[in-house]
Amino acid sequence: MLFGFGLHGLATKALELNEEMVVSCLKPDKVTFIGLLMTYSHLGLVEKGRALFESMVSVLGLFHEIEHVTCMVDLLGRGGYMAQARELVEEYSRTGQVETGLLEALLGACFAHSEVRMGANLGEYLKVFEPRKEMSYVLLSNLYCLSGQWKEAEMVRKTMADQGLKKRPGCSWIEVRKKMTVFVAGDHSHPYMEELYKILNFLKFEMRHPCFSGFKN
């Protein structure tokens, strides 16, 4: 439930649920801390997230795993604490457990805060560390575009194309009557696409003009 609330934007409910767990003397485990750190990250509660992260070791004696560190890097990065996020990555990397997810979280923060120099170094390292993973190329190219370095962005895209890598299209899915339907960005092959677009356009109109109502089939 805590994860569900956090992932669907109901951060306040996630925190309320955690308080109920504390009152009920339910000891949080490592998975609980991942959900809480994600929630704090989306709320921008850097200091509370930092205190929670430290309490794992000092209070409960739990070791930080890669998922906890990645959440903390994301939390610091979102809050603009880029130097501290980088220090945390470097500290964890000294243990010999370098993970692409950890570096990608920092690279994503570099993009959000236009930290071109740090982001470029990370992106170049990721290209060598995992050359077959397209995410680092996409983030690095976007970072160069953001800073107006079009030539560098084009070089990254060319390298990506030369290695046969493509950006994975976004997708969503829905299950109706025990049948799963997947929608992929740019794919218009669904047999009821015209009807679906009509419904989507109606919903968009409803959201923009809530005073109008009355959908007629």
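**Briefing: a buried arginine, a helix pair and a hairpin**

Arg-50 counts as buried because its relative accessibility is 19%, and the cut-off for buried is under 20%. The model is predicted. Its average pLDDT is 81, and 91% of the residues score at least 70.

**Confidence along the chain**

- Helix H5, residues 66–78, has the highest confidence, at a mean of 90.
- Helix H1, residues 2–7, has the lowest, at a mean of 74.

**Around Arg-50**

- Arg-50 sits in helix H4, which spans residues 46–58.
- Its side chain makes a polar contact of 2.6 Å with the side chain of Gln-84.
- Leaving aside residues up to four places away in sequence, Arg-50 touches Met-72, Leu-75, Leu-76, Tyr-81 and Gln-84.

**Helices H3 and H5**

- Two packed helices are described by the angle between their axes and the distance between the axes.
- Helix H3 covers residues 30–43. The axes of H3 and H5 come within 9 Å and cross at roughly 10°.
- H3 is therefore roughly parallel to H5, because angles under 35 degrees count as roughly parallel.
- On the H3 side, the residues that meet H5 include Phe-33, Ile-34, Leu-37 and Met-38.
- On the H5 side, the residues that meet H3 include Cys-71, Met-72 and Leu-75.
- Met-72 and Leu-75 are also among the residues that Arg-50 touches.

- Strand S1 runs over residues 171–176, and strand S2 over residues 179–184.
- The two strands pair in the antiparallel sense, over 6 bridges.
- Ile-174 stands opposite Thr-181 in S2.
- The hairpin has 2 residues between the strands. Arg-177 takes a positive phi near 55° in this hairpin.

- Most residues other than glycine have a negative phi.
- Ser-114 is not a glycine, yet it has a positive phi of about 55°.
- Ser-114 lies in the loop between helix H7 (100–112) and helix H8 (116–129).
- At 45% relative accessibility, Ser-114 counts as partly exposed.

**Gly-4 in helix H1**

- Gly-4 is found in helix H1.
- With 30% relative accessibility, Gly-4 counts as partly exposed.
- Gly-4 and Leu-45 are 41 residues apart in sequence. In space, 19 Å separates them, C-alpha to C-alpha.

Key. Residues numbered from 1 in each chain as written. Predicted model: local features only at pLDDT ≥ 70, side-chain atom pairs only at ≥ 80, totals over all residues. Heavy atoms only, no water. Pairing = 2+ DSSP bridges. Helix = DSSP H or I, 4+ residues; strand = E, 2+ residues; numbered from the N terminus. pLDDT = per-residue confidence, 0-100. Buried < 20%, exposed > 50% of the residue type's maximum accessible area, 1.4 Å probe, protein only. Polar contact = N/O pair within 3.5 Å; in protein donor to acceptor, adjacent residues only side chain to side chain. Contact = heavy atoms within 4.5 Å. Axes fitted to C-alpha atoms, helices over the stretch in contact; angles between N-to-C directions. Parallel < 35°, antiparallel > 145°, perpendicular 65-115°, else oblique.
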